[in-house]
Amino acid sequence: MIVGCQWGDEGKGKIVDVLAEDADIVARYQGGANAGHTVHVGDEEFILHQIPSGVLHDGKRCLLGNGVVLDLLQFFEEFDALAERGIDLAARVGVSERAHLLMPYHRVLDKASERRASEKIGTTGRGIGPAYEDKAGRRGIRVADIRNPERFEQLVADGVERARAKLSAMGQEDDGTLDAAVTRTLELRDRLDVIATDPGWEIVHALDAGKSVLLEGAQGTALDLDHGTYPFVTSSNTTAAGAATGVGIGPTRITDVFGVVKAYTTRVGNGPLPTGFDEEMDERMRQLGGEFGATTGRPRRCGWFDAVLARFSARVNGLTGLAVTKLDVLDTLPEISIGLEYCTEDGGCTREFPADTFALARVEPNYETLPGWEEDTTGCRSLEDLPRNARAYLDRIQELTETPIRMVSVGTRRSQIIHVD
Ligand code: IMP
């Protein structure tokens, strides 16, 4: 399993793409079109929102689990765009019959409630919160419902009516987009029916047959609905345990959990970022790392590596290994810091990630500063190739997280990866 250990955008897409080579099935287990996984193959760049990153390898089965909220319009747009670029998914992709549909009205509601909120989450506007609300409220529409046209149409009509009422309660009117988009959703039913499946069944049978399965997480630990910086989180369980429920297998079937961390920290959307840079350094890192959202294009806030969060992620996810990405982005820095602990105004310091998000917003991290390496690492293919100070930096991350580093990424290409061990 691959799981994000910060606030998303750790570079999971690339790690999944590289590991997918040895997998028979790649499955996503939560989130929806809020994700934006950027993968480079040769000179081509692919940004995947809903389809698993493993799709860029021929012959791999790609599944979307029941934990995903499926935006049909966006999904088939992505599907067709990949087909145009020569990647035919028809026989390879499957969607859980138990997955909930993210309807066009969920997007409208997401944007409307963000506009009105006094405390804005800074969502991606993709309808994620409202779709999971309907799921938990037991009024959602599942993929399996398309098999009963009458019931499906009734559920959709009820959903539109509810959305209209909610909009009106928020002082906003539907400009007609609700009905238009619903018509399009209904048209896509037959295409969806063909790819509907039971990923849990497929995965367990594949494992029993000695095949290999990769579970692909979206977003990151600090955005987890239960363990993240609530309320500035997404509406799904991004952490490792979410994968078992999200595809429908028992946790005992999961043998390896790789946590992906960027060599520094970024965050997009609102909420605290304890190791955040000052304005000048923030801008510098954003340019060095190309830190703009893959889904929304929003600038990401940047900061030093936060060892408190990484240790928390290692614990909450039960990590068996770390994949450190974008190490090369630090190549030109003379000094590099790591946030070691969080200190409060009264002088108390802690190495535990606090539950109180508003207290987190007030902490001042204690840093340890290491010398940079000021050398190009993009050509390194083994730990021995790396400059001494870069190795020392990685050793320190490994020590602080008590997790072995298994992969290091030093560029966007598939080949720019160091496999440890
Ligand atoms: P939502 O998932 O669109 O509801 O957004 C909730 C929070 O999660 C916001 O801060 C978003 O910026 C953040 N978020 C959602 N998806 C991603 C992602 O794929 N990468 C980084 N941040 C994300």
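Analyst: Between domain 1 and domain 2 there are 2 salt bridges, a salt bridge being a side-chain nitrogen of Lys or Arg within 4 Å of a carboxyl oxygen of Asp or Glu. Asp80 and Arg191 form a salt bridge through their side chains, at 2.8 Å from N to O.

The model is predicted, so local features need pLDDT of at least 70 and side-chain atom pairs count only at pLDDT 80 or more, while totals for chains, interfaces and linings use all residues. Residues are numbered from 1 along each chain as its sequence is written, and side-chain values use heavy atoms, with hydrogens and water left out.

In the contact (heavy atoms within 4.5 Å), domain 1 takes part with 26 residues and domain 2 with 20 residues.

About 1900 Å² is buried between domain 1 and domain 2, and carbon and sulfur atoms give 64% of this area. Buried area is the accessible area (1.4 Å probe) that two parts lose on being put together, summed over both. On the side of domain 1, Val69, Leu73 and Phe76 lose the most area to domain 2, together 28% of what that side buries.

Helices (H or I, at least four residues) and strands (E, at least two) are DSSP runs, numbered from the N terminus. Strand S6 (69-70), helix H2 (72-84) and strand S7 (93-96) each supply at least two residues of the domain 1 side that touches domain 2. H2 gives the largest share, 6 residues.
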